[in-house]
Amino acid sequence: METLQKLKYERPVIKQLNAGVTTKFGAQTGFIPHTHIDGLAVKDLTARFGSPLFVISERTIRQTYQEAYNAFANRYPNVQFAWSYKTNYMNAVCRVFHQEGSWAEVVSRFEYEKALGNGVPGDKIIFNGPDKTADDHRVAVLNNSPIHIDHFDELYGLMEVSTKLGKRPKVAIRVNMDTGVQPMWDRFGFNYENGQAWDAITKIIQTDKMDLVGLHCHVGTFMLATSAYAVAASKMADLALNIKRQFGLDIQYLDMGGGFASKNTLKGAYLSGTDITPSFHDYAEQICTTLIKAGFRSEELPLLILETGRALIDDAGYLLGTVLANKRLSDGRRATIMDFGVNLLFTSFWYEHAVSPAQDCSQYAEDAILYGPLCMNIDVVRENVKLPPLNKGDQMVVHRVGAYNMTQWMQFISLRPNIVLIDLDGQPHLIRKHETVEDLTQLESTPAHLESFDL
Amino acid sequence: MFFMKLKKSVAISENGFVFNASRGDSFSTNPTGTRILDWLREGKTDTEMKTLLLEKYEIDEATCEKDLYDFIKMLNQQNLIEA
């Protein structure tokens with residue numbers, strides 16, 4: 001007897017065709033399912049480690065780092081990267097960067113302790129940020145860490161600590177400046193244009209209690225205008241050369257900070273991030289060329305330190321999730337509810353993250369809104385996205401989530417999930433376990449009078 | 001069981017282009033959608049359509065029912081059927 005083969009099912013969809021204003025993008029032609037990450041099937045990863053799941057590709061981290069390092073090292077003789085812990089301080093991630101040669105760049109005692117715990121020598125931990133207590137200073141001075149001074153209160157506080165310890169700390173000042181980009185970042189450090197930076201430098205040198213070894217700036221975040229770095233490099237070089245002229249002191253390093261954009265698409269951007277994000281070569285060309293032409297003698301070119309975080313790690317991170325439900329909103333738009341939301345994907349507040357189905361899908365798309373699972377109105381992952389018909393249980397991959405999500409994620413309503421790192425041989429390693437209720441409640445204590453109640 | 005009728009003004013092409021001549025609206029639908037529209041044209045009820053879908057496709061009953069309900073709601077919202 002002949003058996004009738006059933007057809008593969010696809011959810012029925014109908015979409016109104018609107019003849020709107022044409023754009024250069026044309027029509028979207030379809031979806032490319034993202035079924036594997038570094039050779040491992042998404043469905044196998046979620047079956048083994050659960051959903052939602054953060055996945056980090058060690059291969060991508062190393063490739064991206066080497067691309068960035070080479071872009072600078074091919075243009076400048078003396079380059080050092082320092083891994084920005086706040087961008088992603090999973091120990092496994094930090095250690096990949098340290099294996100590649102990165103120092104650590106931290107902005108709190110917590111991050112400082114993490115870097116020490118990872119085995120980074122104290123003199124290779126750059127201590128940035130406005131939040132350093134006297135005890136933080138004491139520890140950093142004893143470890144010989146470069147301390148980047150943010151304000152005069154810190155400068156005076158550090159002088160006091162170093163006097164008590166009888167040690168000369170290695171310091172730099174953070175400099176803020178007008179680089180032609182708005183808004184100008186002037187909340188951190190000492191201003192270049194109004195002379196405050198020079199005053200701080202003079203104070204440090206004349207009081208002779210600290211060794212001024214570097215100058216630091218960080219001109220912004222997600223900087224799409226590379227020209228700002230040329231302006232910044234020129235002003236930093238000007239300060240360093242003036243210090244040499246006036247005090248005969250060689251500045252050992254210029255730390256140009258970070259702020260390089262990743263290929264994510266910012267909300268409201270007309271063009272996609274993959275089309276407009278400058279390459280590492282673009283940033284390197286601006287910074288290195290400016291420094292080389294600035295007037296240093298070639299043997300006195302200071303070490304160039306870079307603290308870029310986002311651009312080095314964003315591409316390596318994926319968030320895998322599962323469709324919990326589909327529903328229709330009052331205007332007929334489709335809403336798809338995922339098992340991850342803004343609690344895990346903090347960056348969805350400012351990016352239009354690329355999302356792909358993790359299984360074969362129809363080429364028919366519907367306008368949809370992608371919600372997270374939280375019982376909160378703000379939990380929107382994508383406000384307007386074209387998606388193929390997805391069924392409950394289907395899986396999705398969110399791209400470029402490596403930066404800031406695993407540090408800014410919130411234990412809000414639901415617990416944080418597993419993080420897996422896929423090594424160079426394609427082996428998955430659990431690098432952070434999902435949280436349990438006990439993990440959180442062990443930090444709480446209940447006063448005796450609240451221990452019992454009758455309902 | 002519900003009877004729904006596709007509006008007379010609605011034309012459906014084999015490749016899923018749908019045109020409602022009375023309003024000038026055009027739509028695109030996928031093969032499953034095209035098939036359901038054809039069945040509606042033939043005057044099938046929701047129960048009959050569900051049975052047909054279950055016979056022809058690899059689909060469980062709950063998903064079939066949810067998706068059919070959703071699709072009919074969308075057709076209604078787009079003024080393509082009269083209940």
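Predicted model: local features only at pLDDT ≥ 70, side-chain atom pairs only at ≥ 80, totals over all residues.
Chain B contains three helices and five strands. Read from the N terminus, the elements of chain B follow the order β-β-β-β-α-α-α-β. The C-alpha trace of this chain extends over about 35 × 25 × 20 Å along its principal axes. The radius of gyration of chain B is 12 Å, and this agrees with the value near 12 Å that a compact globule of 83 residues would have. Of the 83 residues in chain B, 27% are buried. The contacts within the chain were also examined by separation in sequence. Where the two residues in contact are at least 6 apart in the sequence of chain B, 47% of the contacts join residues at least 24 apart.

The two chains meet in a contact to which chain B gives 24 residues and chain A gives 17 residues. On the side of chain B that touches chain A, strand E4 (25-29), helix H1 (31-41) and helix H3 (61-77) of chain B each supply at least two residues. H3(B) provides the largest share of this side, with eight residues. By residue class, the side of chain B that touches chain A consists of nine nonpolar, nine polar and six charged residues.

Strand pairing also links the chains. Strand E1 of chain A, residues 14-16, pairs with E4(B) in the antiparallel sense, and three bridges connect the two strands. Within this pairing, A:Lys15 is placed opposite B:Ser28 of E4(B). In general, the strands of a sheet pair through backbone hydrogen bonds, in either a parallel or an antiparallel way. Here the two strands belong to an open sheet of four strands, ordered E1(A)-E4(B)-E3(B)-E2(B), in which the pairing is antiparallel. The edge strands of the sheet are E1 of chain A and strand E2 (10-12) of chain B, each of which pairs on one side only. On average, and with direction ignored, neighbouring strands of this sheet are turned by 25° against each other. One pair of bridge partners here is B:Ala11 and B:Phe19, the latter lying in E3(B).

Chain A is divided by the domain assignment into domain 1 (36-55 + 317-435) and domain 2 (58-314). The C-alpha centres of the two domains of chain A are 33 Å apart. In the contact between them, 19 residues of domain 1 of chain A meet 18 residues of domain 2 of chain A. Helix H12 (405-408), strand E20 (419-422) and strand E21 (428-432) of chain A each supply at least two residues of the domain 1 side. The largest share of that side, three residues, comes from E20(A). The residues on the domain 1 side comprise ten nonpolar, four polar and five charged.

Several backbone features of chain A were also recorded. Most peptide bonds are trans, and most residues other than glycine have a negative phi. Against this background, the peptide bond from A:Ser51 to A:Pro52 is cis, with omega near 0°. A:Pro52 belongs to the loop between helix H1 (42-49) and strand E4 (53-57) of chain A. The peptide bond from A:Gln182 to A:Pro183 is likewise cis, with omega near -5°. The loop that holds A:Pro183 runs between strand E9 (170-176) and strand E10 (190-191) of chain A.

Positive phi values occur at A:Asp208, where phi is near 55°, and at A:Phe222, where phi is near 50°. A:Asp208 is located in the loop between helix H7 (196-207) and strand E11 (211-217) of chain A. This residue, A:Asp208, is classed as exposed because 8 other C-beta atoms lie within 10 Å, the limit for an exposed residue being 12 or fewer. A:Phe222 occupies the loop between E11 and helix H8 (227-247) of chain A. With 16 other C-beta atoms within 10 Å, A:Phe222 is partly exposed.

Key. Residues numbered from 1 in each chain as written. Chains lettered and ligands numbered in written order. Contact = placed C-beta atoms within 7 Å. Nonpolar A, V, L, I, M, F, W, Y, C, P; charged D, E, K, R; others polar. Pairing = 2+ DSSP bridges. Rg over C-alpha atoms; globule rule 2.2 N^0.38 Å. Buried ≥ 20, exposed ≤ 12 C-beta atoms within 10 Å, placed from the backbone. Domains from an automatic or database assignment. Axes fitted to C-alpha atoms, helices over the stretch in contact; angles between N-to-C directions.
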